[in-house]
Amino acid sequence: MAQVLPAERGLRRVIGDGETVPDGEVEGLDEDDFLQLHRQLVLLRTYDERSLVYHRQGRIGTYAIFFNHEAMQVGSHYALAAEDWIFPSYRESAIGLLRGMPPATPLSWWRGHPAGWWNPLDYNLASICVPIATHVPHAAGLAWGKKLRGEPACTIVYFGDGATSEGAFHEGANFAAVMRAPLVLFCNNNQWAISTPLEAQTAAETLADKAVGYGMPGLRVDGGDVLAVFEATREAVARARGGDGPTFVEAVTYRVAPHATADDPSAYIDLRRVEEERRNECVGRFEGYLRRLGVLTEQIAEEAKAEAAEAMRRGIAAAEAEPPPDPELLFERAYVDPPPNLREGWLG
Ligand SMILES: Cc1ncc(C[n+]2csc(CCOP(=O)(O)OP(=O)(O)O)c2C)c(N)n1
Ligand SMILES: [Mg+2]
């Protein structure tokens, strides 16, 4: 039986505040890594900002905003190898961009177009999961399967604070721990599940405490600190690869945007808190760190933004150039024997 220490309480941090809290360092990262992390953050930020505009222009459907979640996605992804598998929720809908997926693909997904589907084997990236936590057992199963085959890959599954109250989360976490599956359970604790606040979600003091009950370590990290997220995930990945089983990573942040474009949080959120948290958003925090190090110049920052904006322009143009899908696709794999009204109508 593995001995599991009580979950962490404090949040791991690397990036200081430029005033009283000093900057830390992460072993093994050099200037090239910093600039790559920065480009990836800017790419996701730009994707998110443009998607909100495209939604308002009626060019994509309902969209789950991930403003201020970029550090969790980029930092954790940077700790993975290409053969590692990713199981995203709707909050990580564009994480494929970090693996070379063109922006047109997730944009098409939000347009409800089949061009937004991909073969998971092309990117070692499962499809976007909208039902809360149902992908956790899938990820645990894939991780276990890789272990049974003797393949070195590990798996990361992303979900929110609300997901930790779901039965599927329990089943997946328990199964992964019992099988010592090489899985990283990455929880984006943005403290809201639509309009349900964290304190109405759980009586646990921290979400990482839940890990102890499953017999796995629970780490807590500042979700706005891309370097701390990277370091914590790297530790979890090393455990997984070393045969020591799953780790639960609780990345703590605060949701400063609506849950999705169909939500109006002014009905339930403290807007002053939102304002405060927004001032500390994760891309700006990393840029501050890089400027203090003398790594980020205005020119590099401008180039990263321009490159990302151009990728998005090309992405939405490609998504909109797709011919309309055939409505029959909806039924193609639904029936062996289509009912008469479909046979005579659409499929006739
Ligand atoms: C099984 C299931 N129940 C309910 C919903 C409706 N729903 C959509 S998002 C959401 C909140 C999820 O919150 P959290 O897990 O914290 O993730 P976040 O959206 O904050 O990233 C709910 C309840 C759903 N999608 N799936
Ligand atoms: Mg949440």
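I take a polar contact to be a pair of N or O atoms within 3.5 Å; within protein, one must be able to donate a hydrogen and the other to accept it, and residues adjacent in sequence count only if both atoms are side-chain atoms.

I am working on a predicted model, where local features need pLDDT of at least 70, side-chain atom pairs count only at pLDDT 80 or more, and totals for chains, interfaces and linings use all residues. Residues are numbered from 1 along each chain as its sequence is written, and side-chain values use heavy atoms, with hydrogens and water left out.

**Ligand 1**

I looked up its polar contacts. G162 has a polar backbone atom 2.8 Å from an oxygen atom of ligand 1. For A163, a backbone N or O atom sits 2.9 Å from a ligand 1 oxygen atom. Y90 places a polar side-chain atom 2.6 Å from an oxygen atom of ligand 1.

I then listed the shell, counting a residue if one of its heavy atoms lies within 4 Å. Ligand 1 is surrounded by 16 residues, and Y90, R91, D161, G162 and W192 are the closest.

**Magnesium ion (ligand 2)**

Which protein atoms are its donors? I found D161 (OD), N190 (OD1) and W192 (O), at 2.0 to 2.1 Å. Donors here are N, O and S atoms within 2.8 Å of the metal (3.2 Å for Na, K and Ca); water is not among the atoms, so the site may look incomplete. The donor spacing in sequence reads D-x28-N-x1-W.

I checked burial (buried is under 20% relative accessible area, exposed over 50%, partly exposed in between; 1.4 Å probe, protein chains only). N190 is buried at 2%. W192 is buried at 11%.

Key: Chains lettered and ligands numbered in written order.
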